[in-house]
Amino acid sequence: MNSSTTISAELGLRLVVPDRSTVPLMATLEYAADDPYAIRMAFHVGNEDPVEWIFARELLTVGIERRAGFGDVRVWPAGRENDRTLQLALSSPFGDALFDVPLIPMADFLHKTYDIVAAGRESEFVDMDAELEHLLWSS
């Protein structure tokens, strides 16, 4: 079973800077059934091309409830009951960033991804022959 169904959403979030103030910015979330384990997030930073990160869908899902991830990507819930956020910490050779993501819009987006590909059924949407061909012949 393979599908090209995709969904996307625009999300306003805040970059937390060293003095603990925040800078608003936009990100585009994208999910495709033919890449069922991944959420792509493009951070729009000024006039430059967006900076894209790929996250495990399960990592973001777990991060809504409790701390998850280690190393380069960590997520955890924060805030008060009526102002809940998802903290998203990223690390790369170019530096570290902490984002304050509104929890409800992120949870709504993730919920829609599970409407497309249910948890535990991801492997049914992966074209293993194409993946193997890509791995063996891409170099």
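**Figure 1. The hairpin between strand 7 and strand 8 in the predicted model.** Two residues link strand 7 (85-92) to strand 8 (95-102) in a hairpin. Strands here are DSSP runs of E with at least two residues, helices are runs of H or I with at least four residues, and both are numbered from the N terminus. Eight bridges hold strand 7 and strand 8 in an antiparallel pair; two strands are taken to pair if DSSP finds at least two bridges between them. Within this pair, Q87 stands opposite D100 of strand 8. The structure is a predicted model, in which local features need pLDDT of at least 70 and side-chain atom pairs count only at pLDDT 80 or more, while totals for chains, interfaces and linings use all residues. Residues are numbered from 1 along each chain as its sequence is written, and side-chain values use heavy atoms, with hydrogens and water left out.

Figure 2. Strand 1 (6-16) runs antiparallel to strand 8, and three bridges join them. R14 has D100 of strand 8 as its bridge partner. D100 also stands opposite Q87. Strands of a sheet pair through backbone hydrogen bonds, either parallel or antiparallel.

Figure 3. Eight strands form an open sheet in the order 4-3-2-1-8-7-6-5, with antiparallel pairing. Strand 4 (51-56) and strand 5 (68-70) are the edge strands, each pairing on one side only. From one strand to the next, the twist averages 30 degrees. A38 is placed opposite A56 of strand 4.

Figure 4. Helix 2 (103-116) lies across strand 1, strand 2, strand 3, strand 7 and strand 8, and runs at about 155 degrees to strand 1. Such angles run from 0 to 180 degrees between N-to-C directions, with axes fitted to C-alpha atoms, for helices over the stretch in contact. The largest nonpolar core has 28 residues, and L13, M41, F43, L88, F99, V101 and M106 touch the most other members. Elements that give two or more residues to this core include strand 2 (22-32), strand 3 (38-44), helix 1 (57-63) and strand 6 (73-78). A nonpolar core is a set of buried Ala, Val, Leu, Ile, Met, Phe, Trp, Tyr and Cys residues joined through side-chain atoms within 4.5 Å. Buried means under 20% relative accessible area, exposed over 50%, and partly exposed in between (1.4 Å probe, protein chains only). Beyond its neighbours within four places in sequence, L13 is in contact with V23, P24, L25, A27, F43, F99, D100, V101 and P102; contact means heavy atoms within 4.5 Å. In soluble globular proteins, nonpolar side chains tend to be buried together.

Figure 5. R57 is a residue of helix 1 and counts as buried because its relative accessibility is 1%. Its side chain reaches the backbone oxygen of V117 at 2.9 Å. Not counting residues up to four places away in sequence, R57 touches Y31, P36, Y37, A38, I39, L110, T113, Y114, V117, A118, A119 and E122. T113, in helix 2, likewise counts as buried, at 0% relative accessibility. With residues up to four places away in sequence again left out, T113 touches I7, Y31, I39 and R57.

Figure 6. E58 belongs to helix 1 and counts as exposed because its relative accessibility is 60%. E58 and A68 are ten residues apart in sequence, with a C-alpha to C-alpha distance of 9.5 Å. S123 lies in the loop between helix 2 and helix 3 (128-137) and is partly exposed, with a relative accessible area of 48%. Although S123 and Y37 are 86 residues apart along the chain, their C-alpha atoms are separated by 8.9 Å. In the chain as a whole, buried residues make up 33% of the 139 residues. Of the contacts with a separation of 6 or more, 39% are between residues 24 or more positions apart.

Conventions. Polar contact = N/O pair within 3.5 Å; in protein donor to acceptor, adjacent residues only side chain to side chain.
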